[in-house]
Structures are given as structure tokens and as C-alpha cells.
Amino acid sequence: MFRRQFRLCLEDFKIVLDKIYSDIAPNEKMSRVASCGGMGVTAELKLLITLRILAGGSYLDMIWYHIPVDNVRKYFHQVVAAINRNCDNVVFDCNDKNMIDEIKEGWSKKQFNKTGKYLTPDVLLALDGLQVEIKKPKAMDLGNGADVQKYFNRKLYYSVACQALCDSNCYFRSFEIG
């Protein structure tokens, strides 16, 4: 159930939390203030909030966690920034600084033209993905002792994941399937 709600298994949740804990843990002063007025927001809860939103949940879902809706955005941005700083999970294979700056500028222009603001500075690529349905793999075909259940997704069928990264002009910059 955890994996279905947060799109991450509990073991991986713990790995991510360990990597970003020091960046998102409540400081001692804020914990004292929170304890006077109610429950403090733990690092674990901040990560759960962020994962739930990234998994397609609404910020309104947070009422079940007794989190004021006004604070959800703050926690979300804090956790995403911590993940970006501490987890090297996306690598863009480009050493051309001019090209990187040009791609960033493309997103900035699109955001400004649409909203009149620069909402997310330093965005480089947009990520999206899908699950391609497959027949149940046979353990002997997977090799290396891979677990067949890793191919069983949260929508209750066997699949392989596909992810693509695009720039602001919708050009594919990276693609992965596995």
C-alpha cells in the first residue's frame, strides 16, 4: 500500500530520507515553537508530503496528515531542493555550459511569457514517463537473480518503465527504458 500511495518502496524511502535528513529536519528552535502550538513536522512527514504530491496527490490530501494547507508548498519546495542537492539521481550528459544556459533560458522565457514571472529558475529539463505493459517475465529470462515482482507495477500489471527528458522546445535530451 505504501508503494501504491507514494510510488516508492519503503526501503527506498529510507534511503532518500537518510540522504536528505539533515536538510529537512526541523531545527531545535522551530521544534520548541511547534511543540507549544501543536505537532512539529518531522523530516519523515515532509518527505511523505512531497512524495504524495509527486505521485499525483493533491495538496488537499494533506489534511489527513494534520498539516495546514498553507504550509504544504513550503515543505514541498524544501524537500525537492534537498533532493536536488543530495541525490545524484538524474545526470544530464552535457559539459557544454553555453548549451545548458541556453536550455535554461528557454524555460525562463516560456514561464515569463505565460505567467509574467520566473517561477522556477534553473529548470533544465522536463521529465515524464509511462509504463509499457509486458507479459509476466520468466525468472530464468531475467538473469542475475532479478525478482519478477519488480516488473509488477502499482496499477497491477507487469510493465517496464520508460522515462524521457525534454527541453523547452520539446526536443528529447535523454530517454531511458528498463
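**Notebook: helix α2 and its neighbours**

I began with helix α2 (residues 10–24) and helix α4 (residues 43–54), which pack at an angle of about 115 degrees with their axes 10 Å apart. The model is predicted, so I note that local features need pLDDT of at least 70 and side-chain atom pairs pLDDT 80 or more, while totals for chains, interfaces and linings use all residues. Residues are numbered from 1 along each chain as its sequence is written, and side-chain values use heavy atoms, without hydrogens or water.

My terms: helices are DSSP runs of H or I with at least four residues, and strands are runs of E with at least two, numbered from the N terminus. Axes are lines fitted to C-alpha atoms, for helices over the stretch in contact, and angles between N-to-C directions run from 0 to 180 degrees.

**α2 with α4.** I looked up who makes this contact (heavy atoms within 4.5 Å). From α2 come Phe13, Val16, Leu17, Ile20, Tyr21 and Ile24, and from α4 come Ala43, Glu44, Lys46, Leu47, Leu48 and Leu51.

**α2 with α5.** Here too I noted an angle of about 115 degrees, with the axes 9 Å apart. On the α2 side I found Val16, Lys19, Ile20, Asp23 and Ile24. The α5 side has Gln78, Val79, Ala82, Ile83, Arg85 and Asn86.

**A salt bridge.** I count a side-chain nitrogen of Lys or Arg within 4 Å of a carboxyl oxygen of Asp or Glu. The structure holds three such bridges. In one of them, Arg85 pairs with Asp23, and the closest N and O atoms are 3.0 Å apart. Arg85 sits in helix α5 (residues 69–86) and Asp23 in helix α2, so the pair links distant parts of the chain, 62 residues apart.

**Leu8.** Next I visited the loop between α1 (2–6) and α2, where Leu8 lies. Beyond its neighbours within four places in sequence, Leu8 touches Phe2, Arg3, Phe13 and Leu51. I also checked Arg154, 146 residues from Leu8 along the chain: their C-alpha atoms are separated by 9.9 Å.

**Strand β3.** My last stop was Phe175, which is found in strand β3 (residues 172–177).
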